[in-house]
Amino acid sequence: MKYSIFLGLFFTLILTKSFAQPKMIDKVIAQVGENIVLYSELEGQKQSMKQNGTPVENIDECELLEQMLYNFLLVNQAELDSIQISNEQVDAEMENRLRMIESQMKNVKDDKGNPITIESFYGKTKSQIKEEFRSTIKKRLQGQEVERGITADIDVSPLDVETFFNSIPKDSLPYINSQLSFQQIAIFPRITKADKELAFKTISDLRKQVVSGKVTFCTAASLHSEDPGSAKNCGRIEATRGMMVKPFEATAYSLKIGQISEVFETEYGFHFMQLLDRKGDDYIVNHVLIAPKFSLDSLDASSKRMEKCYEELKQNKVTWEDAVKIYSNDVNTKENKGYITNPITGEVKWSVEEVNQVDPMMFQLTDGLELNQITAPTLYYDFNERKEAIRIVRVAERTKPHVGNLKDDYNLFRMMALEDKKQKIILAWTKSKISTAYIRIDDSYKNCQFENQWIPKAP
């Protein structure tokens, strides 16, 4: 089997209990140290894979069980090593898991067509759900720390990559679809002091209307807040310590239940909030965000500056690299020759599908361009910075569909070689730890063809 660098069982453990059948007669099917594996958890994993589109014939319960045993072997080692995980780490990870589940459930409805929420699905409040799974999440993080220690110093040399590539049968080399690399010069219009003062006045007036009762908080957020993630839900945000930027968090912890804050500023703009509930580090607020807008004069100045850049590039008065240094004020691309990083892979290469997923306008702008040809200046919305800018884009590279090779796809094969090396190290570590841990597996799984010798051979 291939170990999944601790993203196996515990990544979806909160989900797996949901899929366990309520009328099932449960039992312990395996044990590693003091950690037990229940039949319902194994079945839950299988159901979760089905829900995510894995064909039934591709689900191997013996392989799943071995992954679960490996995960608990990591946890067992973490307990032996007394690895400490803070409550803040557990809370942050819990929020990430709950957000993942909410994303998966956002289009799920019950028999009557009503949306199913986490609370309605479990029949519990979020606080109760968090308390139930706190121990599970903590174990996940402890095991993750052990695994990070096992693989932390592993690297591969160019010779390792070449050896790994040569070990792949020619008919098994991956087929690489067309990929593109993009560069941009972006200018964000300057936000002036007057722009900020206008935004502050706007949100201050709105807060006065809410405090006086002329407008409900829900209406203010729904109609005026510029936080797209919460505005449609009355500005509601559920968070825990460490999740939000410091001024936002400090304000939330300073309020009493029902109290409305004064206007405060973060890197995203001006806010005010109302505290709805707080238990320990967890809190629920409604909030409104108004971001300062650049003036037409500022936009005009940026447009003229970008037009100058465009003309100099067209007339070859400046190289692309120099133009990036001179004109761009985009902190995410300025120091990298304007290359736009693919947030899905962390690399500068994009598949067409990834471009359309992240920035559909990019593909429309560049589809007909030759290499190094530039677009005319256009206004666009930068989702990283949450504001508008003017940009010029060019296609730095466009590969043709091809069978993977070291010249064009070195980084891909380097990652594959690194992963292969990590798997071998993990396999060796697992074999060494099995002999020192208390392990028990139910007889109903004695015929499983495990990769490791979890069940001692009969004398």
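At what angle do the axes of helix 6 and helix 16 cross, and within what distance do they come? The two axes cross at roughly 115° and come within 10 Å. This is a predicted model.

## Overall build

The protein holds 16 helices and 13 strands. Its C-alpha atoms fill a box of roughly 85 × 60 × 45 Å along the principal axes. Of the 459 residues, 43% are buried.

Helix 6 passes helix 16 in a right-handed crossing. On the helix 6 side, the contact is made by Val146, Glu147, Ile150 and Thr151. Helix 16 contributes Lys422, Ile425, Ile426 and Trp429.

## Nonpolar cores

In soluble globular proteins, nonpolar side chains tend to be buried together. Here the largest nonpolar core has 29 residues. Which of its members touch the most others? They are Leu65, Ile441 and Trp454. Helix 3 gives the largest share, with 11 residues.

Take Ile441 as a worked case. Leaving out residues up to four places away in sequence, Ile441 touches Ile29, Ala30, Leu65, Leu69, Phe450, Trp454 and Ile455. A second core is separate and has 14 residues. Met306, Cys309, Val324 and Ile392 are among its members.

## Loops and positive phi

Two residues other than glycine have positive phi values. Ser82 has phi near 55°. Ser82 sits in the loop between helix 3 and helix 4 (87-105). For Cys234, phi is about 65°. Its loop links helix 10 (228-231) and strand 5 (236-240).

Is Cys234 buried or partly exposed? Cys234 has a relative accessibility of 22%, so it counts as partly exposed. The cut-off for buried is under 20%.

## Two serines in loops

Ser157 lies in the loop between helix 6 and helix 7 (158-167). Its relative accessible area is 30%, and Ser157 is therefore partly exposed. Ser157 and Ala323 are 166 residues apart in sequence. In space, their C-alpha atoms are 35 Å apart.

Ser435 lies in the loop between helix 16 and strand 13. Relative accessibility of Ser435 is 63%, so this residue counts as exposed. The cut-off for exposed is over 50%. Where does Pro456 stand relative to Ser435? Pro456 is 21 residues away along the chain, with a C-alpha separation of 9.0 Å.

Methods: Residues numbered from 1 in each chain as written. Predicted model: local features only at pLDDT ≥ 70, side-chain atom pairs only at ≥ 80, totals over all residues. Heavy atoms only, no water. Core = buried A, V, L, I, M, F, W, Y, C linked by side-chain atoms within 4.5 Å. Buried < 20%, exposed > 50% of the residue type's maximum accessible area, 1.4 Å probe, protein only. Helix = DSSP H or I, 4+ residues; strand = E, 2+ residues; numbered from the N terminus. Contact = heavy atoms within 4.5 Å. Axes fitted to C-alpha atoms, helices over the stretch in contact; angles between N-to-C directions. Left-handed = near helix turned anticlockwise from the far one by under 90°.
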